[in-house]
Amino acid sequence: MYPAELVKPMKAELTDNGFEELLTPEKVDEILKKEGTTLVMINSVCGCSAGSARPGVLLAVAHSEKKPDRLTTSFAGFDLAAIQQIRAHLLPYPPSSPAIALFKDGQLVHFIERHMIEGRPAQMIAANLVDAFAEYC
């Protein structure tokens, strides 16, 4: 588990921009079963998270005409039980962090795995999400 001092600023980058933290398995299930769309950003200490995933998600939300009903986040390696529950909703995909998931009416409709984030600029991640928002939100 990562120390809180390390994780706190990385969490704040999203929570300061309107993302709700999913900290327990119960909260994960409560949010994901709601009608409408929910974006889940699986945050991470990984360099690709800081370099493209978090900035890409923030760009997409800021510049998309259509947006998810709910913006949420949980931190891999820190919010352990919540991440385990999120990953149960992401099956059959293997664990991946960072990762970005879009759910509609409780069903996974779009997923960006770590290997799709690594080496790509934030603008490319944002464009991928804006397209998904246009289709599902």
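What follows goes from the overall fold to the sheet and then to one helix.

Modeller: A word on the ground rules: this is a predicted model, where local features need pLDDT of at least 70, side-chain atom pairs count only at pLDDT 80 or more, and totals for chains, interfaces and linings use all residues. Residues are numbered from 1 along each chain as its sequence is written, and side-chain values use heavy atoms, with hydrogens and water left out.

Colleague: Which elements does the protein have, and in what order do they run?

Modeller: Helices (H or I, at least four residues) and strands (E, at least two) are DSSP runs, numbered from the N terminus. Here there are six helices and five strands, and from the N terminus the order is α-β-α-β-α-β-α-β-β-α-α. The radius of gyration is 13 Å, close to the 14 Å that the globule rule gives for 137 residues, so the protein is as compact as a globular protein of that length. That radius is taken over C-alpha atoms, and the rule is 2.2 Å times the number of residues to the power 0.38.

Colleague: In what order do the strands lie in the sheet?

Modeller: Two strands pair if DSSP finds at least two bridges between them. In this case the sheet is open, with mixed pairing and the order S1-S3-S2-S4-S5. Strands S1 (20–21) and S5 (107–112) stand at the edges with a single partner strand each, so one side of each lacks a neighbour in the sheet. S1 runs parallel to S3 (residues 70–75), joined by two bridges; Glu20 has Thr72 as its bridge partner there.

Colleague: How many bridges link S4 to S5?

Modeller: Five, in the antiparallel sense, with Leu102 partnered by His110 of S5. These two strands form a hairpin with two residues between them, and Asp105 in the turn has a positive phi of about 50 degrees. S2 (residues 37–43) also pairs with S4 in the antiparallel sense, over six bridges.

Colleague: Is S4 mostly covered or uncovered?

Modeller: Buried means under 20% relative accessible area, exposed over 50%, and partly exposed in between (1.4 Å probe, protein chains only). Five of the six residues of S4 (residues 99–104) are buried, so that strand is mostly covered.

Colleague: And which residues of H6 are buried?

Modeller: Ala122, Ile125, Ala126, Leu129, Ala132 and Phe133. They cover an arc of only 125 degrees around the axis, which puts them on the same side of H6; the arc is that of the directions from the helix axis to the C-beta atoms. On the other side, Gln123, Asp131 and Glu135 are exposed.
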